[in-house]
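Here are my notes on the model you passed along.

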Amino acid sequence: GSLIEQLTTEKYECMVCCEVVRIVAPVWSCQNCYHVFHLNCIKKWARSPASQAEDGNSGWRCPACQNASTQVPKTYTCFCGKVHNPEWNRNEIPHSCGELCGKKRQCLDCPHLCNILCHPGPCPSCPAFVTKTCECGQTSHSVRCGQSTKIHCSNVCGNTLNCGKHSCTQVCHAGKCSSCQLTVQQVCYCGSTFKEVLCGTKEEFSDGFGNFSCQNICGKKLNCGRHNCTQVCHPQPCQLCPRLPQVVYRCPCGQTPLSKLLELGCVERKICTDPIPSCGKTCGKPLSCGSYEFIHTCESLCHEGDCRPCSHTSNIYCRCGFKKKVTAITFMCDKRCNKKRSCGRHKCNEVCCVDTEHKCSLVCGRKLNCGLHRCEEPCHRGSCQTCWQTSFDELTCYCGESVIYPPVPCGTQPPECKKTCTRPHDCDHPVYHSCHSEEKCPPCTYLTQKWCMGKHELRSNIPCHLSDISCGLRCNQMLKCGMHKCKRICHKGECLIDEECKQPCRRALASKSWFLICKFSPTQLHLLQIAAISIATKLTDLQLGDSVEISRLITKKEMKQARLQCDEECLALQRNRRLAQALEIDDNSDPFNTCSSGPKYSDLLKEDARKDLKFVSDVEKEMRMLVEAVNKGKHAKKSHCYPPMNRDHRRIIHELAQVYGIESVSYDNEPKRNVVITAVKGKSICPSNTLTSVVDKEMQSRPPPPIPHYKQTDKSSGNSGLSKPLKEEPVIDYFDVQD
């Protein structure tokens with residue numbers, strides 16, 4: 001019905017080209033899955049390499065059900081296959097002929113053909129009613145022909161079982177009846193052994209009361225009544241007594257007939273117990289000793305019974321055939337068998353072995369799949385059988401929600417449980433893993449904030465189970481000497497363990513420099529380090545002509561003696577201040593634009609700009625564009641992510657962001673640590689003077705560096721011209737400055 005509706009409304013799509021199947025387009029329908037395709041599409045698909053079956057000989061595969069077909073469709077037929085190129089009729093199903101379908105139904109035992117009009121899809125079940133018998137054949141019912149279910153009645157089956165003696169006691173069932181389960185007692189042919197077997201098992205030929213052979217000597221009385229049967233338990237009647245007069249025709253050695261001996265005067269035998277006359281010749285029967293080349297015979301005179309042992313000697317092989325020697329009896333050699341036993345693990349090691357199978361008599365002893373018990377079978381090849389031991393206790397998960405009811409085979413794992421784990425945990429974070437049978441829980445992955453090992457920064461998004469976290473920065477902890485800092489990457493524990501500081505210490509006074517050993521007190525070293533670092537950071541500005549604040553480095557008395565004279569800028573500021581006081585103007589109003597003339601950039605930031613002007617220019621350009629975009633746009637915030645960079649460049653971005661009123665945050669670990677800046681509408685500004693323009697003006701306004709003076713040599717010395725320049729002061733190498 002769904003196929004008819006979709007084909008009629010032209011909503012059915014071809015799986016090959018994914019286009020709608022039109023009502024006038026030639027189509028082909030798969031007889032296995034009943035999908036409809038364009039005829040041209042299915043032709044192209046059948047010829048393509050992707051459609052070929054895996055074995056390469058079964059033809060091409062249907063795109064929908066993967067059913068293999070050998071023939072490629074060539075003509076456009078209706079669904080029932082009787083009409084070629086069917087014409088479309090508005091009152092009929094598209095692509096059908098409008099006649100009765102007439103195809104055989106899928107049900108194998110249905111003899112009726114499909115009686116509806118030509119249609120797509122499978123034929124409906126047969127609507128006819130037929131009479132069917134139940135499984136045991138005792139009752140019959142009227143059912144639909146297409147009904148595939150079997151009919152069962154409530155009567156006992158009653159069919160004869162395989163034994164031919166008893167009947168089936170099961171209720172009406174499908175299939176053959178099971179074998180007879182009754183036991184009967186059987187006796188061997190000689191009547192000495194009994195056993196119980198299932199009724200209906202294969203019974204061997206019997207002589208009237210026996211069923212099997214016990215493999216013992218029969219022992220029944222023969223027909224003579226004096227001797228017993230010496231054959232193995234047998235089904236046929238026992239043979240005649242071998243000593244009866246009518247059976248024995250020759251002497252014991254077999255060389256002379258008894259008739260000749262009777263002519264010579266021997267007494268005629270009447271019963272089986274009478275002795276057999278002897279001919280008096282040498283017996284000559286072949287003995288069991290000797291070889292194929294030399295056969296030994298009995299040397300006694302004609303006699304009854306077994307022959308005497310052989311008195312000759314010969315070359316006899318041992319039983320395994322490895323050695324031979326001259327002897328009258330069989331012997332065994334001392335060779336041990338090196339062949340592998342049937343288990344494939346152990347050697348035979350038997351002396352003079354004649355075994356062909358070499359069965360292993362040891363116990364296997366390997367652990368079974370349960371991991372608790374060992375195999376008790378004889379040593380064997382391959383894997384051991386499954387552990388046969390079973391527990392009759394319930395097997396539950398840790399929380400007891402999931403249960404496996406007995407019997408539980410040995411080695412069965414606890415059942416899986418979807419409940420949250422209820423075991424005690426080290427932390428109080430939410431538990432996200434399920435109940436488990438392992439003693440140890442999985443590590444907690446809840447994201448927390450933790451300090452790094454050196455307490456440099458508080459790291460975010462750190463899993464709870466991680467304890468030792470390194471930020472990737474230098475340790476910078478003060479060493480025991482009190483003068484140097486640790487240069488190792490953020491680490492755990494003490495910086496120096498049972499070691500002394502080996503970093504060089506340099507100090508310069510006047511124009512001399514020498515090395516100092518770390519023997520100062522921590523307070524003295526700290527003061528020296530502060531002074532040295534301050535002077536070292538301002539050394540570049542001093543060389544360029546800038547002023548340096550040294551009030552913290554000298555005493556007040558020295559400060560008064562070295563007070564600088566005011567310049568024009570100082571006089572202008574004092575004049576403006578006096579004028580503001582006379583006019584009663586608040587200092588915060590700044591009417592003369594003395595404070596807001598431009599942003600204040602730190603000396604360190606200016607120095608960084610002189611070293612890498614292009615980088616600073618690019619950073620300021622990006623910040624100005626970001627501020628202008630957020631002020632003109634609709635959004636209240638806008639962010640920009642800089643690529644990963646070193647620590648000095650990140651510091652420049654952070655300081656410039658403060659000038660521009662922009663938020664800046666560093667993310668990730670070294671060496672991929674980067675900075676993200678965020679401009680906020682109404683808060684971020686674009687300064688009138690950029691850092692780049694300020695540095696350019698300062699560079700242009702500074703005087704050129706002085707020309708070095710040369711000392712004129714004494715003409716009387718005999719050396720003319722200019723001598724080498726005066727030796728400059730040695731460069732002071734102050735304490736190592738850390739970020």
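**Notes on the predicted model**

1. Let me start with a single residue. Glu99 counts as partly exposed because its relative accessibility is 42%, a value between the 20% and 50% cut-offs. Bear in mind that this is a predicted model.

2. Where does Glu99 lie? You'll find Glu99 in the loop between strand S4 (68-69) and strand S5 (129-133). Leaving out residues up to four places away in sequence, Glu99 touches Lys82, Ile116, Leu117 and Cys118. His119 is 20 residues from Glu99 along the chain, and their C-alpha atoms are separated by 9.4 Å.

3. Now the chain as a whole. The protein chain has 739 residues, and buried ones make up 28% of them. Its secondary structure comes to 11 helices and 21 strands. If you take contacts between residues at least 6 apart in sequence, 32% of them join residues at least 24 apart.

4. On confidence, the protein chain averages a pLDDT of 79, and 81% of the residues score at least 70. Which elements mark the lowest and highest confidence? Strand S18 (residues 512-515) is lowest at a mean of 38, while S2 is highest at 92. Residues 507-522 stay under 50 in pLDDT, and the model has 23 contacts beyond four places in sequence for them. Another stretch below 50 covers residues 592-597, with 6 contacts in the model beyond near neighbours in sequence.

5. Helix H2 (residues 39-47) is worth a look. Its buried residues are Leu39, Cys41, Ile42, Lys43 and Ala46, so a lysine is on that list too, under the 20% cut-off for buried. What do the buried residues of H2 pack against? Their partners are strand S1 (27-29), strand S2 (36-38) and strand S3 (60-61).

6. Further along there is an open sheet of 3 strands, in the order S19-S21-S20, with antiparallel pairing. Strand S19 (637-641) and strand S20 (663-667) are the edge strands, each pairing on one side only. Neighbouring strands here are turned by 20° against each other on average, direction ignored. S19 and strand S21 (residues 674-680) run antiparallel and are joined by 5 bridges; Cys641 stands opposite Val676 in S21.

7. Two helices go with these strands. Helix H9 (residues 613-632) packs on the sheet and touches S19 and S21, its direction making about 155° with that of S19. Helix H10 (residues 647-660) lies across S20 and S21 and runs at about 160° to S20.

8. In soluble globular proteins, nonpolar side chains tend to be buried together. The largest nonpolar core here has 25 residues, and the members touching the most others are Met623, Ile653, Leu656, Ile677 and Leu691. Helix H8 (603-611), H9, H10, S21 and helix H11 (691-701) each give two or more residues to this core. H9 gives the largest share, 7 residues. Apart from this core lies another, of 24 residues, including Tyr12, Val27, Cys101 and Cys118.

9. What does Leu691 touch, not counting residues up to four places away in sequence? The contacts are Tyr601, Leu605, Lys606, Ala609, Val616, Glu620 and Leu656.

Key: Residues numbered from 1 in each chain as written. Predicted model: local features only at pLDDT ≥ 70, side-chain atom pairs only at ≥ 80, totals over all residues. Heavy atoms only, no water. Buried < 20%, exposed > 50% of the residue type's maximum accessible area, 1.4 Å probe, protein only. Helix = DSSP H or I, 4+ residues; strand = E, 2+ residues; numbered from the N terminus. Contact = heavy atoms within 4.5 Å. Pairing = 2+ DSSP bridges. Axes fitted to C-alpha atoms, helices over the stretch in contact; angles between N-to-C directions. Core = buried A, V, L, I, M, F, W, Y, C linked by side-chain atoms within 4.5 Å. pLDDT = per-residue confidence, 0-100.
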